[in-house]
Amino acid sequence: IHISYYEVLPVLAHYLAYARRRGVPWAKLGGNSMSWYYQSAYVGMTCFPPKAGMALAVELVNFCTREMPRWNTVNIFGYGMEEAGASAVQEVAFSVAAGIDYARACVASGLAPDQFLSRFGFQISQSNDFFEEICKIRALRRLWARKCHALGARDPKSMHVRIHTHTSGSVLTAQQPLNNLIRTTLHAFGAALSGVQAMEVSSFDEALAIPTEHAHTMALRIQQIIQEESGITRVADPLGGSYYVESLTDQIEAAAEKIFDEVERHGGYHKCHDYVRGQIEASAARWRDQVDAKERVLVGMNKY
């Protein structure tokens, strides 16, 4: 079961009540809560002020650590940042900054890092720049591991990045919509090469309307063909060792750490929404200007 956004606490409460009625111990329940209350940093809306949202998230982590050890408590929603216009580097930096803010608050509540960090996860976007998006995932792993270690984590599982990737919807075009099948295939293939744990593929007609059953099926088939026919599951990190991939990973990690440090100087992710939002909006404007000037090509929309 996956519980997202604003309905986390009431829906989870119903789920637990139903489990109790059926005689299922809470300790056996598995699933995921996003506990993500911070869209205000990039889309101008939120259901709780940052301080209240953080308190609710920390309470849930404490409760699940005691009562539901199999439950994944926090899902850092980097996907929404990149969809709103953040660059790949910004998505890494802001996601790690948000996760470390959560972790520090949990430590302040009395938990040790190794008690809860293994149940944190990330939802990350996969967009058009094939190698940049792959290296973004690799850089995220490194940066998160180092920051968690600095926080006091010692169990390797506590420093492991569990990633659900969602192929980008913002780059899909209403013009020549079947081109979106090619885009999402490349997104999904890149995500698989980068070693994510789970993925969701956007439907090719999302830019036009609620996806049709045919479009849903095609999105599923993309994943199945990559998994069952391509052979890339035979090896972990198949691009590891490539000069370009390793160099680009280093560059993204270094650039993301600079942004992370700037967030820290502003007091941490949950205290600097205006800064984060300003950075994402500026990045979105640059992207739009590049598309309008045809410096960034979207096939079928501004070229061909």
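Helices are taken here as DSSP runs of H or I with at least four residues, and strands as runs of E with at least two, both numbered from the N terminus. In these terms, Gly231 of the predicted model falls in the loop that connects helix 8 (213–229) with helix 9. The relative accessible area of Gly231 is 19%, and the residue is classed as buried because the limit for that class is under 20%. Between Gly231 and Glu295 there are 64 residues of separation along the chain, and their C-alpha atoms lie 35 Å apart.

At the level of the whole protein chain, the secondary structure consists of 10 helices and 7 strands. The radius of gyration is 20 Å, close to the 19 Å that the globule rule gives for 304 residues, so the protein chain is as compact as a globular protein of that length. Along the principal axes, the C-alpha atoms occupy a box of roughly 55 × 45 × 40 Å. Buried residues make up 46% of the 304 residues of the protein chain. When contacts between residues at least 6 apart in sequence are considered, 74% of them link residues at least 24 apart.

The largest pocket was assigned a volume of about 650 Å³. Its lining comprises 29 residues, and those that lie nearest the centre of the pocket are Ser127, Asn128, Val171, Trp287 and Arg296. By class, the lining of the largest pocket divides into 11 nonpolar, 10 polar and 8 charged residues. At least two lining residues are supplied by each of helix 3 (78–83), helix 6 (130–151), helix 7 (179–194) and helix 10 (273–292). Helix 10 provides the largest share of this lining, with 5 residues.

With a relative accessibility of 8%, His270 is classed as buried. His270 is 217 residues from Gly53 in sequence, while the C-alpha atoms of the two residues are 9.4 Å apart in space.

The segment after helix 10 contains Lys303. This residue is partly exposed, at 40% relative accessibility. Once neighbours within four places in sequence are set aside, Lys303 makes contact with Val297 and Leu298. The C-alpha to C-alpha distance between Lys303 and Val291, which are 12 residues apart in sequence, is 10.0 Å. Tyr304 also belongs to the segment after helix 10. The relative accessibility of Tyr304 is 69%, and the residue is therefore classed as exposed, the threshold being over 50%.

Backbone geometry was also examined for residues with positive phi. Tyr304, although not a glycine, has a positive phi of about 60 degrees. Gln176, likewise a residue other than glycine, has a positive phi near 45 degrees. Gln176 is located in the loop between strand 6 (163–167) and helix 7. At a relative accessible area of 39%, Gln176 is partly exposed.

Conventions: Residues numbered from 1 in each chain as written. Predicted model: local features only at pLDDT ≥ 70, side-chain atom pairs only at ≥ 80, totals over all residues. Heavy atoms only, no water. 1 Å grid on protein atoms, 1.4 Å probe; cavity = no way out; pocket = protein on both sides within 12 Å on 5 of 7 lines; lining within 4 Å. Points joined across faces, edges and corners; volume = space filled by probe spheres on them. Nonpolar A, V, L, I, M, F, W, Y, C, P; charged D, E, K, R; others polar. Rg over C-alpha atoms; globule rule 2.2 N^0.38 Å. Buried < 20%, exposed > 50% of the residue type's maximum accessible area, 1.4 Å probe, protein only. Contact = heavy atoms within 4.5 Å.
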